[in-house]
Each structure stands twice: as structure tokens, then as C-alpha cells.
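Thanks, everyone. Let's get the model up on the screen and walk through a few spots.

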Amino acid sequence: MADSTQQLRRGFGWLAALGVLLVLAGLVGLIYTAAATLTSMLLFGWLLLIGGAVGLLHAIQARGTNFFWLGVVVAALNIAAGVVIIARPEAAAEALTMFAALLFLTGGVFRLAGSAVVRGPQFGWTLLQGAFDLLLGILVLASWPSDSKYVIGTFFALALLFDGLGLIATGYGGRRVVGMVSDAMDAETKAATASAPDTTKPVQPE
């Protein structure tokens, strides 16, 4: 039990350490947003390229089935997209920034319309979310494409930051819960040992 407790604590500790690294990476990304944008685009491109190659291998292994041509087409598209993004990361950042702005605009419009029509218990929160998404989409679209060097990098850095904070909270909370459970089990063991009859004393003959 002690060994398993130590392993759990060590695992949660590594989780918290990974969270610290992600928080540091997110803070650096917020400072150097242009480099974060370029890094995220290259990473995205390589992920598409590797995923396309793996998908192509799976499709070749499944040749002779109905999945073959669909797998080949999807893998080829992923490989082509990965090559284009790696070759032109700036253009890919501009396209993704435009796509993100359109997503914010459409999401904001739908949230505003939905909150006005439904008027449920979360009316105010949904209205505020819709207005924020709409405003963010307008701001990004108004300064496009000059802001494409910073938008994707900012989102990427914020994602790293919040993921790191979540891992730190999980690691710290997990270590605390494991410690509480271990202390409670130790207390129960001591109480059971103290209440058990002592059989080590020799019995006096009558």
C-alpha cells in the first residue's frame, strides 16, 4: 500500500511538473506571439503530414476492402495539406485566422439570436457570450491579414497556459487526496491495532 501511494504521489507530481512547463511555454508564447504562430503552424503541418502517412499505411494494409480508396483519398489530402502548411506557414496562418474570425462571427450571431428567441435561465450569460464572440470576430476580421501573425499564436499560447494550469491543479489536488486517504488508512490501521487483544503475553498457569 505504501509503494502504491508513493507511485500515485509521484505520478501526480510529474503531472504538476508538466503543467508548470506548459504554463511557462504559454507565457513565452504570449510574449513572442509571432514565433508562437509560426511554431503552431509548423507543428500543425507536421502533424497532418505524419497523420497522412500513417493513414496511407493503414489504407494499404486494408487494400481490397471498401475502406481502401476512402483511406487513400483522406491520407493524400492530409499529406498535401501538411506539405502546403510547412512550405507556407504565413499563408496558412492567414487562412486559419480568417476561418477563426468567421467562426467567431457566426457563433456570436447564433448565440445572440438563440438567446433572444429562447430566453432561458442562462439568457444573460448566453447573450454576453454571443456579444463577446461577435466583437472578437469583428476585431480580428477588421485587422486581417496583418493580425494573422499574432492571433493563432495568442490562441495557441492561451491554450497551453490554461492546460498547464489545469494540470497543476489536477496534480496538486491528486497528491492532496492521496495524502488524505493514506493518512485516514494509517489512522484506521493504528486504531484497529490498538483495539485488538494482545496475544503476545504468555498465559499464566493456574
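Which residues does threonine 33 touch, not counting residues up to four places away in sequence? Keep in mind that this is a predicted model. Threonine 33 touches Lys149, Tyr150, Gly153 and Thr154. Threonine 33 itself has its place in helix H2. Buried or exposed, then, for threonine 33? It counts as buried, because its relative accessibility is 14%, and the cut-off for buried is under 20%.

Now to helix packing. Two packed helices are described by the angle between their axes and the distance between the axes. Take helix H2, residues 33-61, and helix H3, residues 67-87. They pack at an angle of about 160 degrees. Their axes are 7 Å apart. That angle makes H2 roughly antiparallel to H3, because over 145 degrees counts as roughly antiparallel. The crossing of H2 past H3 is left-handed. What sits in the contact of H2 with H3? We find 19 nonpolar residues, 7 polar and no charged.

Last, the aromatics. The count comes to 1 aromatic pair. The partners are phenylalanine 104 and phenylalanine 155. Their ring centres are 5.8 Å apart and their planes stand at 65 degrees, so the pair is edge-to-face. Where do the two lie? Phenylalanine 104 is in helix H4, residues 89-118, and phenylalanine 155 is in helix H6, residues 148-195. So the pair ties together parts that are 51 residues apart in sequence. As for accessibility, phenylalanine 104 is at 21% and counts as partly exposed. Phenylalanine 155, at 32%, also counts as partly exposed.

Technical notes
Residues are numbered from 1 along each chain as its sequence is written. This is a predicted model: local features need pLDDT of at least 70, side-chain atom pairs count only at pLDDT 80 or more; totals for chains, interfaces and linings use all residues. Side-chain values use heavy atoms; hydrogens and water are left out. Axes are lines fitted to C-alpha atoms, for helices over the stretch in contact, and angles run from 0 to 180 degrees between N-to-C directions. Helices (H or I, at least four residues) and strands (E, at least two) are DSSP runs, numbered from the N terminus. Angles under 35 degrees count as roughly parallel, over 145 as roughly antiparallel, 65 to 115 as roughly perpendicular and the rest as oblique. A crossing is left-handed if the near helix is turned anticlockwise from the far one by less than a right angle, and right-handed if clockwise. Ala, Val, Leu, Ile, Met, Phe, Trp, Tyr, Cys and Pro count as nonpolar, Asp, Glu, Lys and Arg as charged, and the others, Gly among them, as polar. Buried means under 20% relative accessible area, exposed over 50%, partly exposed in between (1.4 Å probe, protein chains only). Contact means heavy atoms within 4.5 Å. Rings of Phe, Tyr and Trp (its six-membered ring) pair if their centres lie within 6.5 Å; planes under 30 degrees apart count as stacked, over 60 as edge-to-face and the rest as tilted.
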